[in-house]
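User: I am new to this structure and would like to learn how to read its features. Please take me through them one at a time.

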Amino acid sequence: MINNTFSLLGNPNCGKTAVFNLLTGLDQKVSNYPGITVEKKVSSVKINNSIITFEDYPGSYSLNPQSLDEKIVHDTIFSWINSTAAKPDGIIYVADVTNLRRNLYFCTQLLMLNIPIVILLNMSDLADPSSIVNIEKLKKNLNVYEIIPFSASKSIGLDVLNDTMSNIILNNEKFTSHNIPRVSPENKKILTPITKVINDNFSFSNSFVKYLSLSILSSNSYYKNLNCSENVKNKIIEAKNSVLNNIDKSMHSSLETLEPDLRYGFIDEILDKSDYKDSKEVESLTVSEKIDNVLTHAVFGPIIYIGILYFIFQSIFTYASVPMDFIDGTVAAFGNKVHEFMPEGLLRDLVVDGIIAGVGGIVIFLPQILLLMFFMIILEDTGYMTRITFLMDKYMRKIGLHGKSILPIMSGYACAIPGVISTRTIDSWKERLITILILPLISCAARLPVYVLMIGAFIPQVYIYDFIGLQGLVMVIMYFLGTITAFILAKVFSKVLSERSNPTFIMELPPYRMPIGRSVFKQLINRGKLFLLDAGKIIMAISVIIWFLVSFPKIDGEYSSINESYAGKIGQAVEPIIRPLGFDWKIGIGLITSFAAREVVVSTLSTIYNVEDEGNEMVNLKEAMSNDVDPRTGNKVFTPLVAISLMVFYVYAAQCMATFAVVRTETNTWKWPVFMIFYMTALAYIMSFIVFNGGKMLGFY
Amino acid sequence: MKNLYELHINTIGKIKSLNTKNESSLRLSEMGLIPGSIVRMVKRNPFGGPVQLKLNDYYIAIRKEDAQMIFVE
């Protein structure tokens, strides 16, 4: 069986991801993980006796890229042009039928590729496609392979699509070229100098050369996307200038819209010939607009937004505790069972004290991460996220960010990594960079275990004015501290940095839609998998290393006490540096292991106290910590002040190496991740120092 | 001739020309804001925030600065 590839392309918000999720089912390998240059999702399925690999690309409005996401699509399409082997067997172009005219724009650019195109008129459950356009005529006028009324939410059109793909695979060589927009003879003449340079330096088809020349003329920066030497780029600029010199200056601004004018002219002509009924006039008030009258209202909008945020965080802390207690109990019971059944010896110690204690300390946070991800997916899939962007743009600009920074920042409360990746939609480099730089200051889900442990163990549950719980208040303060610092630094960076900025904000506000259960569920499963498998691997390895470092060297076949172990030695070596912050060497080991991931500090402390405890049962970490006494001073190792100092340290410290690896790939230089590590470490040390010593002076020790 | 930002709420204008700087002209026109298009002003965000427009069958938000460089009649 030969492997066949179909690529999914389309505008943002056309429902492409839902189509991909419908086509590929639950069992799939999704490779949208950081570190991969090409951000696409790939999945293989068996359909009608052939294996079909689907590739899902980021949504684009045009082949002329304005954001990194669109640049990825642009570069992929150029790789198809340069190598026949890289070409997919077909393009599945997903178009929102309720907004057909605009959705066809990007499609007209793909028509030049000589790859069979199947257009899915998605959202057919919301509007009957045959009442909007004559599908047969549209197919004939564009001369595409097939046009199928489709609905990802109601699974309409799936069989027809499967049969169409089988046909494409069988009749591969019978491809006929599509109808494409024609460049007028006058414009052809105007473009000649550019066309000549392109023909001299690239081997593209005639129609594609015309398209490229148009793009170069219409856009000031498009030529930068071409894969060629500086010399060729200079020749292109020269050719463009010679074109501009031949035209009257007053006409220059209309040149910028030359390509869109041409394409929309083509689209309108095709749609006219296909009995297109532009049913919805600009006057008409849609349901979405009525909802927007409330949700993006000048006064109610922000209030509702804050209410939703409050509801999300409240639910995470309330509902997650049930599965968390369950996991906690199960892991402890499992550890004790294994302890009973395994023969005494090194292996048992490794499994129970090393692996189970370490990994168990992490699995417990899965419910919280999944809940947060669930809310994020719902906010995005309903279309509400774009409204927040619209609502917040002015305020985000005030602090040096962009309206589109809101989504990365909100994702940052779950994990900085997807947050950093989602900055790709921000079209201005400076604002994108600043968003990345401040993102790790937003308290992510990995800090939560540290806060929960420290607050649970050392902050008394007392109530202020009978209803504000002190524990909850401290938690809110930690989140607030990170967020407010992030905003202040954003403002500072925007003043200091001299990166290039593009002060535009063009954002489609898609209609409100009901999220598709299947699609939401699948995104959640993938998120959970990534967390458990990728993070889990690192955590498992570190747990074993920590266990080894705390358990060895053995003295006369017996475990040495923990201060004589390797870990003890390392911890004691760093202790002088962290002593001014109130931390002892055990916390020192935790700080070091946190470089893998912040939550590892919990499993590290858990492993240390489990090994230190001679007994057979697994120890309760909170009790062990609050009973721990420093043998040199006779004082307790942990006091509420130490706990707060430690939490403040975790608010600011640069610890999760995976984040910086992703920043490296996203910014394409080590400069920015190194800068982040420095400024965050300095901030953590200074703030912790102030909190601990300030607290001591006030008599809190 | 007035600019798009001055359009009254819920009134309709026909795009005459786009004079925006940077790359926004191109993207705006790719989104369908080309001379001759009909738009309706839906909402202006307070404190000089972005505006929401209806264009063809969909809604689009753009910044005040860009809206002021688009002329309508």
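User: Which residues of α22(A) are buried?

Analyst: This is a predicted model. In α22(A), the buried residues are Met475(A), Met478(A), Gly482(A), Ala486(A), Ala490(A) and Phe493(A). They pack against three helices of chain A: α20 (429–438), α21 (447–458) and α28 (640–652).

User: Why should the 27 residues of helix α22 span 39 Å?

Analyst: A helix is counted at 1.5 Å a residue, so α22 of chain A, residues 470–496, should span 39 Å. The C-alpha atoms at its ends are 38 Å apart, which agrees.

User: What should I look for in a nonpolar core?

Analyst: In soluble globular proteins, nonpolar side chains tend to be buried together. Here the largest nonpolar core has 192 residues, and Ile117(A), Met647(A) and Ile60(B) are among those with the most contacts inside it. The largest share of this core comes from α28(A), with 10 residues.

User: Which residues is Ile117(A) in contact with, leaving aside its neighbours within four places in sequence?

Analyst: They are Ile91(A), Tyr93(A), Leu110(A), Leu111(A), Val144(A), Tyr145(A) and His178(A).

User: How many residues does each chain bring to the contact?

Analyst: Chain B brings 39 residues and chain A brings 36. On the side of chain B that touches chain A, α1(B) gives the most, with 7 residues. By class, that side of chain B has 17 nonpolar, 12 polar and 10 charged residues.

User: In which sense do strand β9 of chain A and β5(B) pair?

Analyst: Strand β9 (residues 506–509) of chain A and β5(B) are antiparallel, with 4 bridges. Opposite Leu509(A) stands Tyr59(B), in β5(B).

Note on methods. Residues numbered from 1 in each chain as written. Chains lettered and ligands numbered in written order. Predicted model: local features only at pLDDT ≥ 70, side-chain atom pairs only at ≥ 80, totals over all residues. Helix = DSSP H or I, 4+ residues; strand = E, 2+ residues; numbered from the N terminus. Expected span 1.5 Å × (residues − 1). Buried ≥ 20, exposed ≤ 12 C-beta atoms within 10 Å, placed from the backbone. Contact = placed C-beta atoms within 7 Å. Nonpolar A, V, L, I, M, F, W, Y, C, P; charged D, E, K, R; others polar. Pairing = 2+ DSSP bridges. Core = buried A, V, L, I, M, F, W, Y, C linked by C-beta atoms within 7 Å.
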